[in-house]
Amino acid sequence: MNQSEPNPATRLHDRYGPWALVTGASDGIGRATAVRLAESGLNVILVARNEAKLQSLADTLRRSHGVGCRVVAADLALTGAPLTLAESIKDLDIGLLVAAAGYGSGGPLLDSDLSLESGMVDLNCRSVLELSVLMGRRMVKRGRGGIMLFSSIVAFQGVPRAANYSATKAYVQSLAEGLHAELLPSGVDVLSVAPGPVKSGFADRAGMTMGAALQPDDVARGALTALGRRATVRPGRLSWLLEAALSPLPRWARSRAMAKVMAGMTS
């Protein structure tokens, strides 16, 4: 390895250490990313609603990788929760934010639970915005850092039967693209991660049936490899194939194509 190149085994720790904040860490992509970060030697702050799952994960990471772990049980969809979280960890030198908390829904929007859909906007959009600003300010002051936000393959067009979910992910995608350009001169890397279907608890909550889908660790690995090197990454072959098939089409045609995909995934 060229001495001028970072060691792959320590790149994440050297660039973003010593602490990483991971939301949605109890399951799915958030959990897989937290494990990958601990393997790289970063201490992790694990955030989700399920404290028992977080404590179990923290015990495993301490035992297996010798890293520091702090558990914060919180519902980030609640007003003021991101600020309370930021205040509770202000004693730690946080160099990486992984904002993986989020959920979706499937089916006709007018038949949905409005409180569920509104809560999705609060969690998928507002909490991501607030944490990006709060943590981003700290990273700019320290002169380096990273912010990883989770978009989706559905973010690039309106999607019938996932209209609100795709809209929240379009917001995240646009936010990440803008922040990437804004913060690059400050030494803070921003990445949008836009995977296709992923095998996790997400599908159960959204009422979706996943066929060909990525494993959460596939997404985590692809995202962490791309962090600091790209503005957007679409992990996995399925995501790449969907992009290749849809990108040449106008937005209305992409929406129609995604409608067929969603019809096969939702009842």
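Predicted model: local features only at pLDDT ≥ 70, side-chain atom pairs only at ≥ 80, totals over all residues.

1. Start with Ile-45. Setting aside neighbours within four places in sequence, Ile-45 is in contact with Trp-19, Ala-20, Leu-21, Val-22, Arg-70, Val-72, Ile-89, Leu-92 and Ile-94. Ile-45 sits in strand S2, residues 43-48. Its relative accessibility is 0%, so Ile-45 counts as buried.

2. Which residues have the most contacts inside the largest nonpolar core? They are Leu-21 and Ile-45, in a core of 42 residues. Leu-21 touches Ile-45, Val-47, Leu-85, Ile-89, Ile-94, Leu-96, Leu-97, Val-98 and Met-135, not counting residues up to four places away in sequence. Another core, of 34 residues, lies apart from it; Leu-12, Ala-20, Leu-214 and Val-233 are among its members.

3. Next, the packing of H2 on H3. Helix H2 covers residues 28-39 and helix H3 residues 51-65; their axes are 10 Å apart, at an angle of about 25°. Angles under 35 degrees count as roughly parallel, and H2 and H3 are therefore roughly parallel to each other. Their crossing is right-handed. From H2 the contact takes Arg-31, Ala-34, Val-35, Ala-38 and Glu-39; from H3 it takes Leu-57, Leu-61 and His-65. By class, the contact of H2 with H3 has 5 nonpolar, 1 polar and 2 charged residues.

4. Gln-55 also belongs to helix H3. Is Gln-55 exposed, partly exposed or buried? Its relative accessibility is 32%, so Gln-55 counts as partly exposed. Gln-55 and Ser-26 are 29 residues apart along the chain, and their C-alpha atoms are separated by 9.1 Å.

5. The axes of H2 and helix H8 (residues 216-226) come within 8 Å and cross at roughly 55°. H2 and H8 are therefore oblique to each other. This crossing, too, is right-handed. On the H2 side the contact is made by Gly-28, Ile-29, Ala-32, Thr-33, Arg-36 and Leu-37. On the H8 side it is made by Pro-216, Asp-217, Val-219, Ala-220, Arg-221 and Leu-224. The contact of H2 with H8 divides into 7 nonpolar, 2 polar and 3 charged residues.

6. Then H5 and H6. Helix H6 spans residues 163-183 and packs on H5 at an angle of about 10°, with the axes 9 Å apart. H5 and H6 are therefore roughly parallel to each other. H5 contributes Glu-117, Met-120, Val-121, Asn-124, Cys-125, Val-128, Leu-129, Ser-132 and Val-140. H6 contributes Asn-164, Tyr-165, Thr-168, Lys-169, Tyr-171, Val-172, Leu-175, Leu-179 and Leu-183. The residues of this contact divide into 12 nonpolar, 4 polar and 2 charged.

7. Finally, look at Ser-132, one of the H5 residues in that contact. Helix H5 runs over residues 114-142, and Ser-132 has its place there. Why does Ser-132 count as buried? Buried means under 20% relative accessible area, and Ser-132 counts as buried because its relative accessibility is 4%. Leaving aside neighbours within four places in sequence, Ser-132 is in contact with Leu-97, Ile-147, Leu-149, Leu-175 and Leu-179. Leu-97 is also among the residues that Leu-21 touches.

Notes:
Residues numbered from 1 in each chain as written. Heavy atoms only, no water. Axes fitted to C-alpha atoms, helices over the stretch in contact; angles between N-to-C directions. Helix = DSSP H or I, 4+ residues; strand = E, 2+ residues; numbered from the N terminus. Parallel < 35°, antiparallel > 145°, perpendicular 65-115°, else oblique. Left-handed = near helix turned anticlockwise from the far one by under 90°. Contact = heavy atoms within 4.5 Å. Nonpolar A, V, L, I, M, F, W, Y, C, P; charged D, E, K, R; others polar. Core = buried A, V, L, I, M, F, W, Y, C linked by side-chain atoms within 4.5 Å. Buried < 20%, exposed > 50% of the residue type's maximum accessible area, 1.4 Å probe, protein only.
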